[in-house]
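Subject: Structure handover

Hello,

Here is the structure I said I would pass on. My notes on it follow below.

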Amino acid sequence: MINFGKVTPEEAIEYFVKKLLLSPEEFAALEQDAKVFAFTVSELTKSSELEFVFGSIKKALEEGQGFAEWKKQTKELWKQKGWSDFRVKTVYQTNMHQAKSIGSWKQMQETKEDFPYLRYSAILDNHTRPSHAMMHGKVLPIDDKFWDSFYPPNGFNCRCQAYAITESKAKKFGVTPDVAKVGFADDGWNYNAGKSYDKKLSELSAKQSVKTEKAKADAWSLLKK
């Protein structure tokens, strides 16, 4: 299981439980930055199946379950579907990584005064995509536009991470020059899920604020009658 350092289960669960369960077709129709609020699994069209998998991922986050344990508890569904171990692992890995990555982004935003840089870290083994390996070691300010598109995960089963570091550590590693700020996300993954989540929350909060103020104005108008 990927180690996300100091990211607590609560930070990941807080994000994950707010997801809306959608069919694959409904999910595909969403704008990219809205997909962080939705949960689906390709080819699972029954709401009971989606609810079961969603609940199992939530439990895995809460209890810190690794893939083997999670798979054991959900094996009957995958057996019925005839899915390969690789495909099942993709479901687990993608949801766990995204939830913890968004929790990590939230945490890093709160501590960026002390840790203003991020360092990209790919798992450099024979399973690492060459395009992701090419981003390994890039060091850039946390607010650099590079992270808008290439903050991990950058694809299904992506194991890459971004670590927050101090300015002195950034200088020691060497800040990536502008000419080398090139990223390589898989198709459909060139966005920052954590930033999209924060943006959507702000938009929803603003809309709710407008509705609340209107409701107050309407109530005050009725009281004056």
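Phe16 and Phe54 are both buried, where buried means under 20% relative accessible area, exposed over 50% and partly exposed in between, with a 1.4 Å probe and protein chains only. Before the rest, some notes on the source.

This is a predicted model, in which local features need pLDDT of at least 70 and side-chain atom pairs count only at pLDDT 80 or more, while totals for chains, interfaces and linings use all residues. Residues are numbered from 1 along each chain as its sequence is written, and side-chain values use heavy atoms, with hydrogens and water left out.

Overall layout

The protein chain has 9 helices and 5 strands; these are DSSP runs numbered from the N terminus, with helices being H or I of at least four residues and strands E of at least two. From the N terminus on, their order is α-β-α-β-α-α-α-β-α-β-α-β-α-α. Of the 225 residues of the protein chain, 41% count as buried. Among contacts between residues at least 6 apart in sequence, 71% join residues at least 24 apart, a contact being heavy atoms within 4.5 Å.

Aromatic residues

A search of the whole structure finds 13 aromatic pairs. Rings of Phe, Tyr and Trp (its six-membered ring) pair if their centres lie within 6.5 Å; planes under 30 degrees apart count as stacked, over 60 as edge-to-face and the rest as tilted. Phe16 and Phe54 form a stacked pair, 4.6 Å centre to centre with 15 degrees between the planes. Phe16 lies in helix 1 (residues 9-16) and Phe54 in helix 3 (residues 47-63), so this pair ties together parts that are 38 residues apart in sequence. The ring centres of Trp78 and Trp83 are 5.2 Å apart and their planes are at 20 degrees, so this pair is stacked.

Arg87 lies over the face of Trp83, at 3.9 Å from the ring centre, and Lys89 lies over the face of Phe67, at 5.8 Å from the ring centre. The criterion is that NZ of Lys or CZ of Arg is within 6 Å of the ring centre and within 35 degrees of the ring normal.

Nonpolar cores

A nonpolar core is a set of buried Ala, Val, Leu, Ile, Met, Phe, Trp, Tyr and Cys residues joined through side-chain atoms within 4.5 Å. The largest one has 29 residues, of which Val53 and Trp70 touch the most other members. Helix 1, helix 3, helix 4 (67-81), helix 5 (85-110) and helix 9 (193-224) each give two or more residues to this core. A second, separate core of 15 residues includes Ala122, Met135, Cys158 and Cys160.

Leaving aside neighbours within four places in sequence, the contacts of Trp70 are Val53, Ser56, Ile57, Ala60, Gln65, Trp78, Val88, Val91 and Tyr92.

An open sheet is formed by 3 strands in the order 4-3-5, with antiparallel pairing; two strands pair if DSSP finds at least two bridges between them. Strand 4 (139-141) and strand 5 (161-165) stand at the edges with a single partner strand each, so one side of each is left without a neighbour in the sheet. Strand 3 (residues 117-121) pairs with strand 5 over 5 bridges and with strand 4 over 3 bridges. Tyr120 has Ala162 of strand 5 as its bridge partner, and Leu118 stands opposite Leu140 in strand 4. Strand 3 is mostly covered, with 4 of its 5 residues buried.

Most residues other than glycine have a negative phi, and most peptide bonds are trans.

Regards
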